[in-house]
Structure formats: C-alpha cells, structure tokens
Amino acid sequence: MEPTPLTAAPPPAAAREPITCHVLDLSTGRPAASVAVSLTLLRPFGPSAPLTAVTSSDGRVNQWNGEAGSSLSEIFANLQEHDGGQMVWSLKFDTGAYFGIDRTFFPEVEVKFFVDANSGHYHVPLLLGPWSFTTYRGS
C-alpha cells in the first residue's frame, strides 16, 4: 500500500471582526448592496473617529476601514484591558442615499447598542424599508 501524499493545510481564514452588520431591503426582498455604514464607539472614551464600510453585494459588512493604525479588533483588545470591556457603539446607515432622499422617511438609521468585549461577536442585521426598519442582535 502506497502512503498518501501530504497536502498543505489551507491558509487560516481571516479573523472575523467583533462587530458586523447586514442590511436587507424589505421592499425588494433582497440584500441592500452599496449602503454606506459607519461604526462609532460612544462610551467609554468616545465618541471615536468612525470606522466606515459599504455593504457588499450580499448586504454585509465584514470589514471596517479606520484611520491609519486603528482597527476594531485593537479597540476591543485595549478596552478589555483598561475598562472591563463595557461599551456603547453606534451604527449609522445612509438610507437616504440608498433609497433616494425623496423616496424614504429616514435620511439615516442609527442603531445604538451595548457591547461586552468579553462576550464574543456581535452581528447587527437591519431589516430596511423606505418607511420602516427593525433590527436585532444576530449571530
């Protein structure tokens, strides 16, 4: 019996951001692509400079862009060490640009939420229509 050749292990997956979001357009029943989103730490030490992103074709934000040298993972790590990890964050979705200013009641949707840096990943889906929205803590 011949030995099975060894194969290289696949590269490790990129680490998941501690906070992600997802936007679903209820008027079309599809993901909302190209929605500008900002993420800001409000407490403690806030407000911070916002991290920004644009939803992908499947309506998701999995990576945030920040000022040079600041990443969401680093913010979480620093707060775990210095403040016990209790935070309040704000997600702002530019719904006016997505729907068009004359076609929505909400120029922007802001969702503020508590985060414990020691409690893992936070996923915040936004179910969005031109005249209403709802959100919840996803997984």
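## A buried histidine

Contact here means heavy atoms within 4.5 Å. Leaving aside neighbours within four places in sequence, H123 is in contact with T20, C21, H22, R60, Y136, R137, G138 and S139. The model is predicted, so local features need pLDDT of at least 70 and side-chain atom pairs count only at pLDDT 80 or more, whereas totals for chains, interfaces and linings use all residues. Residues are numbered from 1 along each chain as its sequence is written, and side-chain values use heavy atoms, with hydrogens and water left out.

H123 belongs to strand β8 (residues 122–128); strands (E, at least two residues) and helices (H or I, at least four) are DSSP runs, numbered from the N terminus. With a relative accessibility of 8%, H123 counts as buried, where buried means under 20% relative accessible area, exposed over 50% and partly exposed in between (1.4 Å probe, protein chains only). The side chain of H123 also makes a polar contact, at 2.7 Å, with the side chain of T20; such a contact is a pair of N or O atoms within 3.5 Å, and within protein one must be able to donate a hydrogen and the other to accept it, while residues adjacent in sequence count only if both atoms are side-chain atoms.

## Aromatic rings

Rings of Phe, Tyr and Trp (its six-membered ring) pair if their centres lie within 6.5 Å, with planes under 30 degrees apart counted as stacked, over 60 as edge-to-face and the rest as tilted. By this rule there are three aromatic pairs. The ring centres of F105 and F106 are 5.2 Å apart and their planes stand at 80°, so this pair is edge-to-face. F106 is buried, at a relative accessible area of 19%, whereas F105 is exposed at 59%.

Ring pairs link F105, F106 and F133 into a cluster.

## The largest nonpolar core

A nonpolar core is a set of buried Ala, Val, Leu, Ile, Met, Phe, Trp, Tyr and Cys residues joined through side-chain atoms within 4.5 Å. The largest such core has 30 residues, of which I19, L39, W64, W89, L91, F93 and F113 touch the most other members. Two or more residues each come from β1 (19–25), β3 (36–43), β4 (51–54), α1 (72–83), β6 (86–93), β7 and β8.

Not counting residues up to four places away in sequence, F93 touches C21, V23, V35, A36, V37, P107, E108, V109, V111 and L126.
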